Amino acid sequence: MPTRVLIEGGWVFAGEGDGPFEILEDAVVAVEGERIAYVGPAAGLPADWAPTRRIDARGKAVLPGFVNAHTHHAMTLLRGYADDVPLMPWLREHIWPAEENLTGDDVYWGTLLAIAESLQAGVTTFADMYFFMDRVAQAVLETGVRAHLSRGLIGVAPGSDRALEEGRELVATFQGAGEGRIRCALAPHAPYTCPPEFVRQVLAAAEKLACPIHTHLAETKAEIEEIRAQYGKSPIRHFADLGVFEHETLAAHCVHLESEDIEVLARHGVRVAHNPISNCKLASGIAPVTELLEAGVTVGLASDGAASTNHLDMFEEMRLAANLQKVSRMDARALPAWQTLRMATVGGARALGFDKLGCLAPGYLADIVILDLNAPHLWPRHDLTSLVVYSAKAADVDTVLVHGRVLVDGGELLTIDMERVEHEVQARAERLARAARRG
Ligand code: NI
């Protein structure tokens with residue numbers, strides 16, 4: 001018999017689709033196995049539906065789990081390692097030299113740290129692009145979270161053929177693993193690191209494996225200038241012409257876009273991962289999220305790696321995403337709270353290509369966050385969506401379910417030994433920094 005979890009008495013953020021949430025007061029969410037069986041008043045639940053576990057959500061908000069649509073999880077090992085540096089020197093002088101010394105074990109422990117931080121902040125799914133991805137898959141399978149995984153491919157680096165082979169192997173081995181909790185993609189890193197011939201090789205492999213593409217596009221002004229000088233067009237047009245968008249594509253950043261680029265993204269159904277804090281901190285710019293949404297582009301919210309963002313907290317990303325749209329358009333109505341919360345949940349789920357994920361409705365996968373509203377910054381209650389988006393914090397996350405299984409209970413991580421993780425990551429981070437300094 002499947003497990004049956006009954007979440008009772010909370011304010012449930014219900015309703016499918018893109019509109020404002022339908023917030024049900026004193027409602028129940030019934031979970032059967034990995035899916036939501038029922039959402040509504042307790043009286044509507046069949047009398048013979050007996051739960052194997054009850055969760056008291058009185059005074060709490062029940063939300064779909066957050067989806068972090070673009071990150072490099074193991075970069076937690078480099079958190080605070082090179083701050084206040086622009087993107088290109090940051091990558092070339094600091095990050096890439098440090099990454100040269102990374103081992104599979106480092107990536108495993110760095111990823112566990114990121115999953116721990118994410119889970120305690122209500123993030124149930126993440127899209128990761130990095131290397132030693134079999135070890136990331138191991139961490140995902142062990143901890144019970146959901147993920148979209150891809151081996152980052154840098155065509156201009158030595159060993160790019162071997163990297164592509166590892167990318168293929170990841171897809172062949174882990175596509176659909178963990179009862180469908182893992183989706184795999186191939187990841188040509190960016191137009192400025194992947195020459196056309198290499199991109200074509202990646203696309204041929206993606207065709208054979210029938211898998212999606214995950215990439216970085218139009219992140220900085222420098223990238224736009226470099227690609228224009230080299231190919232005479234924008235990075236979006238360049239990747240479109242190479243045929244990248246004939247494949248299901250998840251494109252991180254998309255900060256510097258012409259209106260023609262937005263049309264191209266919309267026409268090809270390219271999904272965008274918006275990284276507001278990373279784009280601010282690396283001084284990349286403000287992505288035209290409002291225009292993308294108006295054009296019908298699917299947009300998910302993301303943190304990027306913790307080496308650039310310094311945290312993996314979707315509450316902070318939501319707040320900045322909404323505020324950046326308002327101030328850049330000089331319009332306080334831009335990206336309202338409900339739309340921001342949709343972007344952080346179902347928008348991300350769609351961007352990653354997970355079916356029936358990101359809403360609290362029958363038939364959806366049971367990835368659920370319960371937020372404790374009993375804190376001074378969460379009184380009084382006028383509009384609960386505003387409260388969640390503009391006032392709540394990661395520390396308010398009380399309980400988290402992924403695939404119907406409780407992974408965080410009363411704030412405690414049930415599948416991760418944090419003491420061991422802390423010890424491992426500190427020792428490994430120190431070793432990496434020492435090695436990078438020696439060059
Ligand atoms: Ni990135």
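**Tour: a nickel site and a cavity**

Start by selecting His72, which is buried at a relative accessible area of 9%. Keep in mind that this is a predicted model.

Next, show the nickel ion. Its ligands are His70 (NE2), His72 (NE2), His216 (NE2) and Asp304 (OD), at 2.1 to 2.5 Å. Label the angles between donors. The 4 donor atoms subtend 85 to 173° around the nickel ion, so the arrangement is irregular. A tetrahedral site would need all angles between 85 and 135 degrees.

Now follow the chain through the site. The spacing of the nickel donors reads H-x1-H-x143-H-x87-D. Colour the loop between strand S6 (66-71) and helix H1 (87-99), where His72 lies. Then colour strand S10 (residues 213-217), which holds His216. The pair joins parts 144 residues apart in sequence, because His72 sits in that loop and His216 in that strand.

Stay on His216. Is His216 buried or exposed? Its relative accessibility is 4%, so His216 counts as buried. The cut-off for buried is under 20% relative accessible area.

How many cavities of 30 Å³ or more does the structure hold? There is 1.

Select its lining in two steps. Begin with Ala82, Asp83, Asp84, Val85 and Trp90, which are among the lining residues of the largest cavity. Colour by residue class to finish: the lining of the largest cavity has 4 nonpolar, 1 polar and 3 charged residues.

Key. Residues numbered from 1 in each chain as written. Predicted model: local features only at pLDDT ≥ 70, side-chain atom pairs only at ≥ 80, totals over all residues. Heavy atoms only, no water. Donors = N, O, S within 2.8 Å, 3.2 Å for Na, K, Ca; no water. Tetrahedral: all angles 85-135°; square planar, octahedral: opposite > 155°, others 65-115°. Helix = DSSP H or I, 4+ residues; strand = E, 2+ residues; numbered from the N terminus. Buried < 20%, exposed > 50% of the residue type's maximum accessible area, 1.4 Å probe, protein only. 1 Å grid on protein atoms, 1.4 Å probe; cavity = no way out; pocket = protein on both sides within 12 Å on 5 of 7 lines; lining within 4 Å. Points joined across faces, edges and corners; volume = space filled by probe spheres on them. Nonpolar A, V, L, I, M, F, W, Y, C, P; charged D, E, K, R; others polar.
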